[in-house]
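I opened my notebook to record what I looked up today. My entries follow the order in which I looked.

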Amino acid sequence: LTGTIPPELGNLASLQWLHLSENQLTGIIPPELGRLASLQQLMLSHNSLTGSIPDELGHLAALQLMCLGGNKLTGEFPDTTRAKNLEEINVANCSLTHFAGRLGPRVTRLIFRGNRLTELPASFQWLKNLTEADFSFNMLKSFPIQRLALVSGQATVQLSLSGNPELRMTVNLPDKPCSDLPQGGEALWANPDNFSPVDEGYECTLPCTPGGIAELLLDRAVPISESLCRCREGFEGSGHYCSPCPANTYYDSTESVHRMVAVCLACPGNGSTLGRDRVADLSSCACPAGQSLNDTRGSGSCVDCEAGRAMTQFNFETTCDSCPVGRFSGTGSSACTLCIPGRIASQMASSVCIACPAGETPREDGGCCAPCPVGEYSGNGSSTCTPCIAGRVALQRGSSECTPCPAGQVASGSSVCTLCQDGQHPGNDSSACISCVEGHYARSGSSECSPCQAGRVALSDRSDCKPCPVGEFENGNGLCQPCQTGFFASSTGNIICDRCRPGTSTSTNGAVSESMCEVAPEVIVALIIFAIAWYVGVGICFAAFGFAVAVADITTQDGVTILTANTVHSLLAWPGSCLRVRIKGTGDALLDKTRRIQVRYKSPATLHLVLRVPQGRVGPEASQGSLSVPLPQSLLFTGVSGIPSGLILLTAVVALALCSAYMHKQTVFEAEHNKLLFGLWTLSSLSWHCWRYLKQNKTSLVLALQKHRKSFLQRNPTACSHGPSRALSIQKIMDLQDSFSAHIGQRSMYFVVANLIKPLTASQKKSYAEVAGCCSLQFFVSHFWGSPFIEMVQSLQKYAQHAANTLVWQESSFWICSLANNQWDLEHELGGKGEDSWKQSSFYLALSSESCTATVMVLDDQAMPFTRAWCLFEVVQTALILDKRQDFHGLILCTSSGILSTGSASAEVTAALARRMLALNLANAHASRPEDLAMIRHVVESMDGGFAAADKFVKANVYKAAARLKSNFNRGIDNLLGQLRGYASEDL
């Protein structure tokens with residue numbers, strides 16, 4: 001059978017036998033089986049049942065047999081006290097862990113083999129009818145013996161406890177027979193009358209059978225066999241683990257008789273068994289050396305030998321031997337000890353040695369002391385007499401010390417003192433006379449040498465002193481030494497030489513007068529070389545250690561980028577070399593963000609930049625910045641006249657070192673003069689090179705910026721709110737172009753902002769319109785930053801001339817984002833962040849103001865403004881404003897060749913723009929910032945018609961411009977033909 005046991009079986013009230021063993025049933029045992037009041041046999045063994053045994057099974061009063069073994073049951077076995085007829089329980093090979101309560105009173109057979117039980121049920125000892133209990137292969141840790149004594153008179157239980165590896169049982173050895181022992185208890189009893197030898201070292205007995213147990217089955221996991229064995233006499237240990245008593249120990253029968261553990265004790269007093277082991281009693285121990293028996297042999301009491309006596313070996317003697325003269329011993333000594341040197345023992349049986357007094361030493365036999373001879377001495381307790389050291393004497397026998405000779409004398413041997421001669425003095429140990437050192441002298445009988453006065457030296461025999469001659473000085477070591485070059489001594493007895501005047505020196509050593517000091521030509525040459533080397537070295541340090549070269553211009557033509565330095569860049573033209581340099585401060589993102597840029601030599605002032613320009617981006621254009629070469633490349637690839645800076649610097653350093661060493665040797669200047677001279681040279685060199693560095697930074701652009709700032713910009717500009725109030729007149733826009741026309745050329749607004757607008761507004765951090773003088777706008781300018789700046793100015797100039805009525809056209813005002821926006825706070829100019837932040841942008845505020853009369857869009861032949869998202873935004877706002885205001889002129893298309901909207905532009909430009917607009921899709925417009933593009937696309941898509949309406953509005957304006965061009969062209973042709981008609985022949 002498979003599946004689970006149906007709970008509906010619990011409804012069979014008359015069911016007596018339920019046999020489902022040895023099937024493939026799964027699931028739990030249904031608690032509903034507890035309702036089978038008539039059930040007598042429940043057999044569910046050898047299935048795959050899981051879970052716990054239901055408590056309801058313990059309530060079946062008629063149940064006699066319960067077989068649940070061979071399943072996967074876990075948890076506890078239920079209380080079965082209410083199952084009063086239950087006789088046999090078999091729950092073998094499950095995973096039960098404990099009992100929930102008591103067992104039924106009529107149980108005769110318990111099979112709990114192969115579970116995880118750790119203890120027996122509490123009611124185990126009250127099972128009167130129990131005949132078999134199998135608790136093998138569980139996890140029992142203890143088995144209280146009192147539970148084995150079940151019921152008096154019931155000795156028929158077969159108990160199996162094998163297979164419990166952690167089970168431990170205690171065995172005691174009684175002092176009376178098994179029949180007199182009490183039933184139960186916490187331990188098994190060993191039979192004291194049944195010991196028999198098993199091995200040479202131990203003997204064993206059998207346990208007394210507990211009351212109520214017919215057969216007790218145990219295995220090796222229960223260590224009872226060790227507790228039923230004990231060691232024999234002459235051995236120690238427990239159980240059957242016995243070892244012979246080692247030498248110098250004996251079997252202690254007193255300690256071992258009444259317990260199952262045998263002990264071997266050491267012989268008393270460090271006694272010995274004389275090499276024998278397995279000694280059975282104390283009588284075989286002998287006294288060790290240094291002890292003797294205090295009574296009879298074998299009494300076990302050894303006592304130490306008295307002081308002055310000794311015993312040299314193990315013995316059974318009752319007395320110790322006396323020490324001879326010259327030897328002694330302490331209490332318990334095994335031998336008499338020879339007195340140490342300097343001490344004697346004059347009697348036998350001495351317990352101590354005494355020291356000889358100072359001046360005496362022991363004789364060879366150690367029995368008495370003798371005085372030291374002349375020339376020798378000894379201290380208290382000395383073993384020998386010591387000869388006096390050099391310089392000391394002992395004039396009498398028995399001297400306790402040696403004394404030094406009188407001052408000015410030395411000891412000859414050990415008893416005679418002699419006087420030192422002229423030029424000598426006693427040495428440190430007074431053993432010999434030694435000569436005075438240089439600069440010192442001594443007369444006969446002097447205790448020490450005296451130094452000569454300053455400027456004087458000792459005679460050759462050291463008996464007196466003399467002064468140093470002219471041209472020499474006393475060097476502090478007692479010797480006269482010639483004056484060095486640059487010094488002289490014109491008198492005797494000098495301790496120092498006089499220095500020659502600064503800038504002069506002597507030709508030889510030992511000069512005797514100042515007239516011998518003169519200026520040497522090589523000194524002048526050394527000074528000139530030193531000055532040149534110092535200047536060159538400082539200059540090379542300026543060039544090689546981080547001082548950058550100012551950039552005058554960076555331009556790109558036909559994909560080739562050329563850098564022009566403001567002065568000579570100092571890079572060497574190594575054949576085929578490609579050097580990496582650092583270019584910064586140009587305002588071009590590609591150059592400023594590239595850490596190292598490869599360059600090739602082109603000329604002394606120009607370099608070819610090797611760049612990888614991203615696709616769709618024009619090459620870099622700049623007229624500012626700096627160029628520097630990092631170390632150590634600057635030492636190899638920069639220089640003068642083809643010579644590397646490193647080699648020049650090394651040459652300068654070597655020249656400086658050689659000149660410095662020469663001038664120091666010649667003492668050309670005093671030390672303080674040297675410091676002053678070096679300081680002046682350093683200051684002048686630094687000043688000169690700093691002036692050159694600052695001068696080369698004055699590029700033509702820097703000068704033009706200064707001139708423009710002085711001529712056209714306000715020192716204290718008035719702040720204008722962003723939006724319509726930051727327009728500029730066309731005249732001021734033209735002034736900007738004229739001031740920097742040489743630098744702008746055909747460059748775009750990107751160049752103008754980075755190189756002109758930002759430097760001009762850096763100090764005030766305002767917009768260019770504010771520092772140049774802002775005004776209210778008339779026309780909003782929409783243009784492409786990548787187009788040439790000059791074409792935008794020309795386009796606006798043409799429109800200003802066209803649109804001027806009563807006003808002077810130079811006063812026409814235009815709002816241009818790059819000039820009106822504060823380039824130092826673009827986040828504020830763009831309206832900040834938020835869904836409708838564009839309504840606070842300067843673009844929207846300027847375009848939607850009442851003073852704005854039209855949107856002037858500056859176009860090129862590629863219609864690039866329509867590819868930019870912000871230009872698209874301006875077109876959309878223009879279309880929306882045109883629907884609201886009648887005085888608004890809408891979108892005015894302009895080019896440098898003329899105004900498209902009035903038909904005054906060239907036909908070629910108009911045709912090219914018309915063709916370009918037909919292929920252009922405004923939805924593809926892009927922006928520099930993704931968030932700007934997303935905002936503008938949202939604004940366009942939210943208007944009626946979306947991108948299609950914007951596209952239609954732009955193309956309608958182009959159409960009008962083309963139509964006006966055509967009309968103007970036809971009208972011009974007709975007028976021209978009318979003027980030429982009179983010249984035409986009739987044949988035509």
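**Entry: a helix**

I began with helix α12, residues 789-803. At 1.5 Å a residue, its 15 residues should span 21 Å, and the end C-alpha atoms are 21 Å apart, which agrees. I kept in mind that this is a predicted model.

Next I asked which residues of α12 are buried. I found Phe789, Ile790, Met792, Val793, Ser795, Leu796, Tyr799 and Ala800. I also noted a general point: an α-helix has 3.6 residues a turn, so residues three or four places apart point the same way.

**Entry: the largest pocket**

I then turned to the largest pocket. Its space comes to about 1500 Å³. I looked up the lining and got 46 residues. Tyr750, Trp785, Gly786, Arg868 and Ser928 lie nearest the centre of this pocket.

Which element gives the most to the lining? It is α10, with six residues. At least two residues each come from α10 (749-761), β59 (779-782), α14 (826-829) and α16. I sorted the lining by class: 19 residues are nonpolar, 17 are polar and 10 are charged.

**Entry: aspartate 861**

Last, I picked out aspartate 861. I found it in the loop between β61 (854-858) and α16 (869-884).

Why is aspartate 861 called partly exposed? Its relative accessible area is 43%, and partly exposed runs between the 20% limit for buried and the 50% limit for exposed.

I checked its contacts, leaving aside neighbours within four places in sequence. Aspartate 861 touches Ala912, Leu913 and Arg916. Alanine 912 sits 51 residues away along the chain, yet its C-alpha atom is 5.8 Å from that of aspartate 861.

Terms used:
Residues numbered from 1 in each chain as written. Predicted model: local features only at pLDDT ≥ 70, side-chain atom pairs only at ≥ 80, totals over all residues. Heavy atoms only, no water. Helix = DSSP H or I, 4+ residues; strand = E, 2+ residues; numbered from the N terminus. Buried < 20%, exposed > 50% of the residue type's maximum accessible area, 1.4 Å probe, protein only. Contact = heavy atoms within 4.5 Å. Expected span 1.5 Å × (residues − 1). 1 Å grid on protein atoms, 1.4 Å probe; cavity = no way out; pocket = protein on both sides within 12 Å on 5 of 7 lines; lining within 4 Å. Points joined across faces, edges and corners; volume = space filled by probe spheres on them. Nonpolar A, V, L, I, M, F, W, Y, C, P; charged D, E, K, R; others polar.
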